[in-house]
Amino acid sequence: MKEKIKQLANEISALKASDIEELEAIRIKYLSKKGEVSNLFNEFRNVPNEEKKEMGQLLNQLKETAQEKINTLKDALSSNAAGTQKEDLTRTAEALKLGTRHPLSLVRNEIIHIFSKIGFAVAEGPEIEDDWHVFGALNFPPEHPARDMQDTFFIEKNPDILLRTHTSSVQVRVMEKQKPPIRLLFPGRVYRNEAISYRAHCFFHQVEGLYIDKDVSFADLRQALLYFAKEMFGAETEIRLRPSYFPFTEPSAEMDISCNICGGKGCPFCKHTGWVEILGCGMVDPNVLKNCGIDPDEYSGYAFGMGVERITNLKYQVKDLRLFSENDVRFLEEFEAVL
Ligand code: PHE
């Protein structure tokens, strides 16, 4: 029996298999119930008692060797299979999944693009400001409610340092330094102390605009805004200007566009009026020009300011302002197709 075991062990260690079928045949020949190794186990009954220990060990070893051999052959076969698989070098590369632009960035960029076509460039300034640039230079009387703790975030206990409530502060900074003509846009984040809800947040984004030159008139303002509305919301869009009040413009107006959701027929979004308000505007108050070192007898100008969230809501019908700052990818991925 010892001889037989030895002979089988040699046989097994010399085995080769060129495919899965051959390997299976080997397994059946040696390790199946009626295979050679199993046969030896059957003969084990006849082994004299004093040899049982030794033979038992040898038999177990043989079984293990056979199993190991089969495993190694199997591994060799499967790694060979992987190696011979042809790679298709002509296949186009898999498209990388790029991130999406935030809807507010998309709309801000679009506003900038539209105005850039009529000569507006971009200027930016600090979000942490002083009272002069946010209020003082812009004609806000000391008791104006916008200065109130309700609306403005003040920094530490110094009421002179605050988070800007509009980007008009950048207009002031530019006018203080630059001689007209000035034709600029002021995009940026602004802060107001409001309770957070679906329609208000403690911060939002604005794009303001300023044009100062000789003989700039209200008609120029109206024409620029009409052009903007049609570019942004479609050629059929109409505008209307309603008289309003801002400390830094005179005269001042608020601009509505014909509701782009119902086409002006009336719907819940426009509260059945057919019109939605999108921005504030007016002729820069001569006092503001003076405050910034520009001679109001020589120059005049117009200014306007809009909330990017508002424009985005109108364009994409986003119903809850909070979605813009929650970074929920399910929301952000909806803008994947828009560039
Ligand atoms: N600064 C104003 C606001 O934040 C918007 C505005 C800008 C109005 C320019 C008129 C002219 O509400």
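Predicted model: local features only at pLDDT ≥ 70, side-chain atom pairs only at ≥ 80, totals over all residues.
Residues are numbered from 1 along each chain as its sequence is written, and side-chain values use heavy atoms, leaving out hydrogens and water.

**Around the ligand**

- Of the 13 residues around the ligand, His166, Ser168, Arg192, Gln206 and Glu208 come nearest (a residue is near if one of its heavy atoms lies within 4 Å).
- A polar side-chain atom of Gln206 is 2.8 Å from an oxygen atom of the ligand, and an N or O atom in the side chain of Ser168 is 3.1 Å from a ligand nitrogen atom.
- Strands β6, β9 and β10 each supply at least two residues of the shell, and the largest share, three residues, comes from β10.

**The seven-stranded sheet**

- Seven strands form an open sheet with mixed pairing, in the order β1-β5-β6-β10-β9-β8-β7 (strands are DSSP runs of E, at least two residues, and helices are runs of H or I, at least four, numbered from the N terminus; two strands pair if DSSP finds at least two bridges between them).
- At its edges are β1 (121-122) and β7 (239-246), each of which pairs on one side only.
- Strands β9 (residues 275-284) and β10 (residues 300-307) pair in the antiparallel sense over five bridges.
- Helix α10 (residues 308-316) packs on this sheet, touching β6, β8 (249-258), β9 and β10, and its direction makes about 60° with that of β10 (contact means heavy atoms within 4.5 Å; axes are lines fitted to C-alpha atoms, for helices over the stretch in contact, with angles from 0 to 180 degrees between N-to-C directions).

**The three-stranded sheet**

- Another open sheet has the order β2-β4-β3, with antiparallel pairing.
- Strands β2 (128-130) and β3 (154-155) stand at the edges with a single partner strand each, so one side of each is left without a neighbour in the sheet.

**Domains**

- The protein is divided into domain 1 (2-81) and domain 2 (103-325), with bounds from an automatic or database domain assignment.
- Their C-alpha centres lie 86 Å apart.

Note on methods
Polar contact = N/O pair within 3.5 Å; in protein donor to acceptor, adjacent residues only side chain to side chain.
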